[in-house]
Amino acid sequence: MKERQCEVIRRELDDLTLGDEGSTAVTQHLRECGECREFHQKQTRLRQIVGSLGTVEAPPDFDFRLRARLANESSSAGFHLRAFQWSSAKGFAAVAMLLVFVGGVVYVRTISNPPAGPVAVQREEPVKPPVKPVEDKVVAPVQPPQVALNEVSDTVARKGRGTERVVRPQKRTPVSMDFSSERAETISNSSRQSTIFPIDASQQSFTVSLDDGRGNARTISLPTISFGSQRVIPTRANQFTQKGVWY
Amino acid sequence: MNTLTTIDELAFAPPLQQEVLEDTTSDHALLEATRTGDQDAFAELVSRYRNQITSYIYRMTSDYDGAVDLAQETFVRVYRARDRYQRSYAFSTYIYRIATNLAISELRKRKRRKLVSLTGFFQQSDGSEPQELNPPDLRPLQDSELVDAERRNAVQRAIGTLPEKYRAPLILRDVEGRSYDEIAKILETSEGTVKSRISRARGFLREKMRAYL
């Protein structure tokens, strides 16, 4: 019972502000209980010693150092901001340069490799002696092809579906097409009616350019044409003679 | 022109003016002025609290130079967070809370550093506390002033051995003279916990300061 009372009194003594006497119950108990009185004396002494520590003063240059620190912080914050802006500007520049580079590459590739549009093939008049126009529409595929095409675009196939018999190529099989009803409007030779093309025999290859008149052109290179021993050799003996003409 | 008709009006007039004057120079008003860019207002706040905060952190850490640095860091944080400050607490509570957190953080850093410190080599084989490299001279001094100084050093060292959760409330109560309510707000705990921790801290100190009591 007494211990319980001492505990309560000591707790109240602990909560007291230094110098306060406390309640009458505390005062009465301190008069009667020697242990609590000793406790109170020691506690008061301890609190006096701790309280005597006092306040330590800040150094005289405290304000100066604090101002310098704040100024340094604000300037470093500005530096961080500038660094961020600079780095972001560099990033934007790098991205812009990359975009320009990629765009340039695409442009150059577009220029150098124009997209292959639908190929329109126009038959050129075969080099053969008769001037007589072709009457039949269908050319038998078993015959030696007049014009052999490896590939025919779908566009041409669809467009010519009504008038032409189109054999779709499969695995690059030779296809014969009859373009007798559609004659090419333009041929390289100015003499349209003529089937004779003067060719410079010094050329090693024979190139035919076909144009469907809609802007689609195809150039076909043929290997060097020879007729065995009859290969035409340009003769320069007579400059008025037509060069490289064969019949 | 207003004329005083009773003695009561004469008695109440000056306190009203005093209240208005105090309000313009209160901590809240100074921080509000700081928020708007008034550097002088912040300088006034610093001059009000620099010694208290430096002293408090010094009592917590027992290192004057470190305490000055942490006190400056406290003011830097107050300045940085001036726009986020809320007037729900007293400014003193706010700044002491920042200082307490900084001091406790410093004590924890020291505790981690202590693991590899040289004091480990001087630890006694019986498992008792390690001796310091520069142990205090426990011989009694002649002059009473020196005796007081020695007693203060002893109590400072004894406080330094307290766990941080007991150290802060004890210093705030017995050195700084703060109320239990304010200490509870600073430490963000209940008033009962504060009282309990202070009682435990005094018990520890009584044991360590037995020779001086």
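**Chain A against chain B**

I looked up the contact first: 24 residues come from chain A and 31 residues from chain B, with two residues in contact if their C-beta atoms, placed from the backbone, lie within 7 Å. On the side of chain A that touches chain B, the elements giving two or more residues are α1 (2-15), α3 (34-51) and α4 (62-112) of chain A. Helices here are DSSP runs (H or I, at least four residues), numbered from the N terminus. α3(A) supplies the largest share of that side, eight residues. By type I get ten nonpolar, four polar and ten charged residues on that side of chain A; Ala, Val, Leu, Ile, Met, Phe, Trp, Tyr, Cys and Pro count as nonpolar, Asp, Glu, Lys and Arg as charged, and the others, Gly among them, as polar.

The model is predicted, and local features need pLDDT of at least 70, side-chain atom pairs pLDDT 80 or more, while totals for chains, interfaces and linings use all residues. Residues are numbered from 1 along each chain as its sequence is written, and chains are lettered from A and ligands numbered from 1 in the order in which they are written.

**Core**

I then checked the largest nonpolar core, which has 48 residues. Such a core is a set of buried Ala, Val, Leu, Ile, Met, Phe, Trp, Tyr and Cys residues joined through C-beta atoms within 7 Å, buried meaning that 20 or more other C-beta atoms lie within 10 Å of a residue's own. B:Ile57, B:Ala71, B:Ala99 and B:Ile171 have the most contacts inside this core. Helix α3 (residues 39-61) of chain B gives the most to this core, nine residues. Leaving out residues up to four places away in sequence, I find B:Ala99 touching B:Ile53, B:Tyr56, B:Ile57 and B:Thr74.

Conventions:
Buried ≥ 20, exposed ≤ 12 C-beta atoms within 10 Å, placed from the backbone.
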